[in-house]
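Please read this report with the sequence and the structure side by side. It goes from domains to strands and then to helices.

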Amino acid sequence: MKNFDSVNSMKDKQGNEESPSSSLISHPSSLNNSSQPLLTIAIAKGRMQTDALALLARAGVRASDEMIKSRRLAIEDESGKYRFVFVKPADVPVYVEHGIADCGIVGRDVLMETGADLLQPLDLGIARCRISLAARTGRNLKSNLGAMRVATKYPRIAASHFGARGIPVEIIQLSGSVELAPVLGLSDCILDLVETGRTLVENGLEEVEVIAESTGRLVVNRASYQLRAEAIAKLLESLGRIVNEGEEA
Amino acid sequence: MFEPLSKIPDGLRYYFGAEARLRRQIEDTAMTVFDGWSYEEIITPTVDYFALFERGMGREQAARAFRFTDTDGRMLALRPDVTSLVARAAATLFGERERPLRLCYVAPVFRQQQQSHVEWRRESVQLGCEFIGLGGRAAEMEMLAVSAEILERVGLKGQYRITLNSVEVFNGIAERLQLGAEAREVMRHLMDIRDAAELRRFLAAFTDSVEDCAAFSRLTQLTGKREILIEARRIITNERSVAALDALEGLWRVIEALGLTDAFEIDLADVSGLDYYTGTTFKIYVAGAGARVGGGGRYDGLISNFGTPESAVGFVLDLDALTDVLTRQPATLMNGSVSEPAITQLSNDNLATLFIAAREKRLKNERVSLGVKSQG
């Protein structure tokens, strides 16, 4: 929300000055100003949110428990330098691409599906899971390559995966309970996010192929990366340190 | 299927009122600045052969053009880019003219597919200039100075940042690692999204030197002022890249002398337009816009498509993006000066009297609004 903040601060300023044009000239540069607006981080709701807040806290960017429990969708950290906004995973790239949020924390699955044009400087290693192809246990997918039906929440990943292999597929887009589709005969297989694989097993499905690994990523808006360079470099450095510690441990 | 005529095609829009006035003002400011630096306006055709853009922009970019066929069956396109048209004119119409050529333009470009979700428009107006026939730092510095002046004059002083790089930094490294076309594209992509960890893993396949992997992946983080060049020199030793760093340092010295270091930044990880640009590149960002509002660079390879090879450098600013930013910042200088001058209301039942009065006001350049009744 840096745009909004900067507009507001200008209005305040203008109120105290005679001429709007002189206020602009004397207005301290928004790029080099020490009283910078908050750095906004959009975080995917759900499991990612818990893991991301824990990681941020270890990196020294902490929101009070009271704030976290409050169910508010936009909260500030204790230092007053950061704002977290909690949005649906697929909306994280939207907020960040438009620069409304400077940074975001979201799974690689979402980035692959939306094809968002963002910087992805850091793999946070949180919310680890995989994007897999699954089918009913014992089902041989190869025997049916002529016209395979794939049910998925990830039509774009599915299209590019099968497209690259020259396998024609009918993609059936669902928005949830994808595991039901092969059970009820809506599709031959599914392409979905798998964490432990328990849901698959419980529905009589088995993992056929892992298409990609997915973890939580820190993403950054291209303009913010330049315009808020210092603040973002600082965040990257402190998060990077924690992530590396995790890898070495 | 019934399609109401009220529907506007995706990515197109109207401008009116204060926004249209502001947009015109930005355009006039830019054209005045161009004129002040002796750039001559060139007005190019809106429609031209697709083949021209394909050669000029590269196949991938040109594929975004709206295309249709001419009466003789040849493929035409709505201009997706102005530079290709200017480059052709430089080689043909201006072939005999003394160099350097300084040309500027304001023109809409049309592109079917957006590259990012933020690029909503399919028609956008480019304010641009091209400096043709002279290589080296002076021409590049002129581009930077002209763009900075436009941004400051429209009221964005202290709110813009221009990043500098040279495609030769990347090219030198890719050459040294002997990357094939595919690997080169992977490396470019990982640099572009600044995924240092993944880049380090990827490069391990191309070099035995662990230091090289770490060093080159460090490039993704080299964004900053002059100190970036010092660090880069420790990492990069191949001749081609070092020459590019020398050139950047030369530009930076001038930027320092102009006191513009706050507004500029060196960004060695900027690797877009690798197959188009041949040297220095720059990108222009403005607070309040989520994507860049302009950019440019050296494209010495382009004009040879139309005749003899020639040095060229240019940049564009996106008028629509600038209008968006300034519309949302009511306190800027630009908006202050766009406030509407007073209007004199005139009315008279006698049309002759009314229009005589109106003409008098207009001769004094006053704004009038006539209370005209419908008289059949």
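The model is predicted, and local features need pLDDT of at least 70, side-chain atom pairs count only at pLDDT 80 or more, while totals for chains, interfaces and linings use all residues. Residues are numbered from 1 along each chain as its sequence is written, and chains are lettered from A and ligands numbered from 1 in the order in which they are written.

**Domains**

Domain bounds here come from an automatic or database domain assignment. For chain A, this assignment gives domain 1 (2-27 + 36-128 + 215-248) and domain 2 (129-213). Seven residues of domain 1 of chain A are in contact with eight residues of domain 2 of chain A, where contact means that the C-beta atoms, placed from the backbone, lie within 7 Å. On the side of domain 1 of chain A that touches domain 2 of chain A, two residues are nonpolar, two polar and three charged; Ala, Val, Leu, Ile, Met, Phe, Trp, Tyr, Cys and Pro count as nonpolar, Asp, Glu, Lys and Arg as charged, and the others, Gly among them, as polar. For chain B, the assignment gives domain 1 (10-159 + 287-340), domain 2 (170-266 + 277-282) and domain 3 (343-370), and the C-alpha centres of domain 1 of chain B and domain 3 of chain B lie 40 Å apart.

**Strands**

Helices (H or I, at least four residues) and strands (E, at least two) are DSSP runs, numbered from the N terminus, and two strands pair if DSSP finds at least two bridges between them. In chain A, strand β6 (residues 129-136) pairs in the antiparallel sense with strand β10 (residues 205-214) over eight bridges, and A:R130 stands opposite A:E213 in β10(A). β6(A) also pairs in the antiparallel sense with strand β9 (residues 189-194) of chain A over six bridges, and there A:A134 has A:I190 in β9(A) as its bridge partner.

Chain B has an open sheet of three strands in the order β2-β4-β3, with antiparallel pairing. Its edge strands are β2 (47-49) and β3 (67-69) of chain B, each of which pairs on one side only. β2(B) is joined to strand β4 (residues 75-78) of chain B by three bridges, and B:Y49 stands opposite B:L76 in β4(B).

**Helix pairs of chain B**

Axes are lines fitted to C-alpha atoms, for helices over the stretch in contact, and angles run from 0 to 180 degrees between N-to-C directions.

| Helix pair | Angle | Axis distance |
|---|---|---|
| α5(B) (residues 137-156) and α11(B) (residues 239-257) | about 50 degrees | 10 Å |
| α2(B) (residues 50-57) and α4(B) (residues 83-91) | about 95 degrees | 9 Å |
| α10(B) (residues 226-235) and α11(B) | about 160 degrees | 10 Å |

Angles under 35 degrees count as roughly parallel, over 145 as roughly antiparallel, 65 to 115 as roughly perpendicular and the rest as oblique. With their angle of about 160 degrees, α10(B) is therefore roughly antiparallel to α11(B). This contact is made by B:R226, B:L229, B:A232 and B:R233 of α10(B) and B:L245, B:L248, B:E249 and B:W252 of α11(B).

How do α5(B) and α11(B) lie to each other, and what follows for their class? They are oblique to each other, and in their contact B:R137, B:E140 and B:M141 in α5(B) meet B:A247, B:G250, B:L251 and B:V254 in α11(B).

Note on methods: Contact = placed C-beta atoms within 7 Å.
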